[in-house]
Amino acid sequence: MSTVWGGLALGAIYALVALGYNIVFVSSNVFNFAQAQLLMLGTFIAFWGSVTLKLPTVVVFLLCAVVVGVVAVVEERTAIRLVRGTEGLLVTTVGFATLLDGLTQVIWGGQPLQVPFFGPSKVLDLLSGNVFPVELVLIGVAVVLALGFVAITRGSMLGIALLAVSEDREAALMRGINVRAVAIGAFAAAGVVAGLLGPLIGPKTFAVATLGSSLALKGFVAMAIGGFGSAPGALIGGFAVGLIESESGRYLGESYSTLMIFLALLLVLLLAPNGLFGHARERTV
Amino acid sequence: MDVPALVRRVPSWFLPLVAAVLVALFPLFGVQADVQRQIILICTLALVVSGLNLSLGYAGELALGQAAIFAGGAYVSGYLGAHGHTELLLQLLAAAVASLLIGIITGVPGLRLGSWALAMVSFFLVLLVPDILQLLKEQTGGSFGLSGIQFPTLFGLTLDQEGFYVFVAVCTALWLLMLRNLVTSRHGTAFRTLRESPVLASSLGISVFRMKLSAYAIGALPAGIAGCLFANLDHFISPDSFGFTLSVSILAASILGGSASVYGALIGAAILQLGPLESTSFQQYALVVYGLLLVLGGVLLSNGIAGILDRVRVRAQRRWLPRPRSASFQGERLPAIEGRGLQVEGAVKSFGGVQALQDVSLLAKPGQVTALIGPNGSGKTTLLNMVCGYYRLDGGTIRLGDEPLSSTPYQVARAGVARTFQTPSIPPRLTVAEAVAAGRYASQKASFLSAVLRLPGYRRARNTDVEEARRVLALVGLEDLEHEEAASLPLGTRRLLEVARSLVSRPQVLLLDEAASGLDEDEVERLAVLIRTIRDSGGTVVLVEHNFRLVLSLADHIYVLARGQILAAGSPAEIEVHPEVMTEYLGVKTPAGERLLQTAGQESADD
Amino acid sequence: MTDPGTVPAARRAPDAAVASESPVPLLSVRDLVAGYGDLRVVWDASFDVRHGQVTALLGRNGAGKTTTLRAIAGLNKLHSGSVTLNGQDLAGVPPHRRIRAGLGMVQENKRVFKRRTVEANLLLGGYSRRVRRRKLKDSLEEIYELFPALRGRAGTPAGQLSGGQQQMLAIGQALMGKPKLLMLDEPSAGLAPAIVGEVMNSVMTLKASGLGILLVEQAVEAAVGVADQITVLDVGRVVMSGPVGSIPDLEIIKDAYFGRGRGRPE
């Protein structure tokens, strides 16, 4: 059961990456390759705030939210707004991700840094398995954020506007929605959320400059399994990936865990290209 | 002496070839071993980048897995080399096969979902490299790396450092030559067409999926070859050489050099190898620099350095080497066309709750112009898209001659249905002749291999392409523009070009979608003459058109579509006086309108 | 000014309908030159829409009607000329602010959000009013009164409605924003005669309520039935303009439609 808890906690992180992809994808039809790097940056800022500066927890959260939010907006203004076409966006978002990888490495070095958890760190025994409190928190946060995403998109004017923008930008503009503001707002929101998650994810993953690319891929697999644009899908996909990783690591060996996730991705793409909860996309004519 | 003519006669591959020979002969000029080593590294990087260029720059699909395929090639060769199979050609072959396999296995699922998915699936490969090497620790040495790779041999002779250098240079030059042959061939045009618009590509009979997979899989080849060369350079390889950083530097080199070019790969690779990669202090900042390069390159450089050089070259040629006028086309401009009947029977289609077509039947006969008219929203476009295979019928049949028509767009095109688009769709950076010849891609086959090696089969196809393109260009009156850039022509000319492109495959049915819109009166007149010529040669022409006057003067038979149903059908004379057609075009009466119209009518009677 | 010579009707305009006109038109378009990017499609178009009146913009396909509408909404480039709504010059105002300033746009092809429910579509229509959702829910009732066919289908995704219902939804959506000026782009396209009649009747109702309406139509007779003012475009230029009663003969309009009028190279 311990590996199940570990897997679910990892899965929660992947689900959070996938949720970030979704927020941006829904609002501006852009796949933000650098989303996982924003999360990674959050863990570094959490380390900086809590270890280097020894700030109180609340301030650490604020600091993370502001810094990562600003970086996300910078990304929108440079690597997204100025670029046309999918290929161009692929290149520039990959570039921005690389830039963040490089910058964190230059500033904090290549060694993993331990981010302390602000809550209790005593191992709990739950359902005959060992689980850290931070892992439970991660699982809880992922579930709450996914449900929150659904509640916002279904229930609020902002959410309806968001979905309208994703379906037809021009028609949304003609309903008086400031489409550009929505796009920037979604980036800022995805950044702020990524920042706030830094102090929660850091204790589980460490702050390390290689975190971004591995989270990016596994988050992508979570989204592919769950379906583009679906928050519950992201959650279930994330948990699935986390469990595949921890269980295959336990029964087959460490080296197999990533391979198994890759096989799962190939299977999903071949058998259910729209994921479990995705829309069938209309044909382009 | 006519210098421009002489310069013109120098083939475009001549200068690169001279440069390649010179570089290959560097050891003779006493170039130091460390410089040779640099050049080898540039060559291997350039090979990998050129593979990415094929899929990114030509087919428009971003693949990030080149580093993994490179590793695949390196480890296959390294394993062979460490076990006594030192023959380089054997190793190259094995590496090529391995890379092709990796390409196909990852390409099939990745390409099904389109751009993001391929980028991610291929990028995932890079992450897998250390794990797979660890799993195959017996064979690969795991994280410690694979050592004991023996000196390579060529036909049994052991290659020393200099011999290996020459081999690498020759290999790279040969690959670039083959790539050049591929991208300048009709397949290259097909790739560009695909990148511009998958819809256009399939309307020319190009299978979008197969073409994208080909570009991606062929792009894997040089990465495998480069891996083989890399393994034999230091006789040692380890997982560290094939990580994320390499993936990004490959992409950066491609963007910097220009992804839609052959030699851009060399430029990009050389800059990255001699610049950033060289200095050790750089290592730390490598990712920052690559990241900036990618963001800036993506925002500012559209075609990289090679693109800039190419623009300069084109401008210089315009300025100093004016092209002599080509002799006008002498042959028959339009040989007889074997048109076949297009028959739609009982076509039904609905989208959600909207009934777009209800029981529509029509017949377009060979040697006739059949027009389809109707107000906006009447279902003309839907019907056209059904014929072309973009929508599936909910009910009814579509037949070409006696056979049912396929419902896959590229097969519809191959069956002999050609079309033009409401907004002309023409890929950038193609000459008029190339853009027109693209219409023949499916009607005469010439394999990738025959194009790369310029075999007789390819030459035959190309000669017919040129001949046929000139024939139809003469027909539509665009002969003079043969060598101009097609995409930058004015709208009316592009429309005529589209008609030429759809005619060049001698289609059994020609669908013209709003061909006259945006044309001035002279151009409309030219178009009308052209359409009559096609009809008189036996072609089946279907005209979807808003211009009522043009339709009345051109069509042999008119179908009027309204609200998804055929409202009326008949000769122009019948349609012109058909009361319901008038009402339909001018709109429906409402009681209030009736009243107002009566008063308006009285006023006019008073005048 | 507009194309001279062809428009005897325009000169008669003032005395024909002066009684019902307030001094300041709701929408005033002057010498509008518009198009896509650098391409100019419409030249020197001028016309007005007054409170409680319908101005019909007629012409065949490609005449520039939709381009004009889009330029007024801010979706297309306005090369020169002016657009004034309720005294406010719209130059440089971004599209979403024009909507908030009282412009209601119903785009062609029944452009509703097909994956969203009828109610979500209508609520979204009220987005520009920036009021609470509950208040918007109250406004729904007015729309259902105007289009009773929508009432029972609040939870249905818009894509599953019939064409006529989608058109009504599109209009209802624009009305939810409480516009002063409603712009309708080919509302009758692809609809059966009875439905067109229904749509035009609702246009009459709206006009009676004081709304100014700019109606773009290919269907002349349906449009003429509800219009107060008519402007006819051909190949990007106004060829005729004036109150509906002053039009001597529909033949002129028909000529413009069937291409018997003068063509003009672009």
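In the predicted model, 1 residue pair is in polar contact between chain B and chain A, with both residues at pLDDT 80 or more. The elements of chain B that give two or more residues to the side touching chain A are helix H5 (88–112), helix H6 (115–135), helix H12 (244–257) and helix H14 (286–300). H6(B) gives the most to this side, with 15 residues. By class, the side of chain B that touches chain A holds 34 nonpolar, 10 polar and 4 charged residues. Salt bridges between chain B and chain A number 0. The contact takes in 48 residues of chain B and 45 residues of chain A. Together, chain B and chain A bury about 4300 Å². Carbon and sulfur atoms account for 80% of that area.

Chain A also meets chain C. Here the contact draws 22 residues from chain A and 25 residues from chain C. About 2300 Å² is buried between chain A and chain C. Of this area, 60% falls on carbon and sulfur atoms. Three residues stand out on the chain A side. A:Met157, A:Met174 and A:Arg175 supply 34% of the area that chain A buries against chain C, more than any other three residues.

Charged pairs occur at the interface of chain A and chain C, where 4 salt bridges are found. One of these salt bridges joins A:Glu170 to C:Arg111. The closest N and O atoms of A:Glu170 and C:Arg111 are 3.0 Å apart. Polar contacts between chain A and chain C link 9 residue pairs, both residues of each pair being at pLDDT 80 or more.

Three helices of chain A give two or more residues to the side that touches chain C: helix H5 (133–155), helix H6 (157–167) and helix H7 (169–173). The largest share comes from H6(A), with 7 residues. The side of chain A that touches chain C divides into 10 nonpolar, 6 polar and 6 charged residues.

Chain B itself is divided into two parts. Domain 1 covers residues 26–319 of chain B. Domain 2 of chain B is built from two segments, 342–416 and 507–591. The centres of domain 1 and domain 2 of chain B, taken over C-alpha atoms, are separated by 49 Å. In the contact, 8 residues of domain 1 of chain B meet 5 residues of domain 2 of chain B.

Domain 1 and domain 2 of chain B bury about 490 Å² between them. Carbon and sulfur atoms give 51% of this area. On the domain 1 side, B:Ser202, B:Gly205 and B:Ser207 supply 63% of the area buried against domain 2 of chain B, more than any other three residues. Between domain 1 and domain 2 of chain B, the salt bridge count is 0. Polar contacts between the two domains of chain B link 4 residue pairs, both residues at pLDDT 80 or more. Helix H10 (residues 198–203) of chain B gives the largest share of the domain 1 side that touches domain 2, 3 residues. By class, this side of domain 1 of chain B has 3 nonpolar, 4 polar and 1 charged residues.

How values were computed
Residues are numbered from 1 along each chain as its sequence is written. Chains are lettered from A and ligands numbered from 1 in the order in which they are written. This is a predicted model: local features need pLDDT of at least 70, side-chain atom pairs count only at pLDDT 80 or more; totals for chains, interfaces and linings use all residues. Side-chain values use heavy atoms; hydrogens and water are left out. Domain bounds come from an automatic or database domain assignment. Contact means heavy atoms within 4.5 Å. Buried area is the accessible area (1.4 Å probe) that two parts lose on being put together, summed over both. A salt bridge is a side-chain nitrogen of Lys or Arg within 4 Å of a carboxyl oxygen of Asp or Glu. A polar contact is a pair of N or O atoms within 3.5 Å; within protein, one must be able to donate a hydrogen and the other to accept it, and residues adjacent in sequence count only if both atoms are side-chain atoms. Helices (H or I, at least four residues) and strands (E, at least two) are DSSP runs, numbered from the N terminus. Ala, Val, Leu, Ile, Met, Phe, Trp, Tyr, Cys and Pro count as nonpolar, Asp, Glu, Lys and Arg as charged, and the others, Gly among them, as polar.
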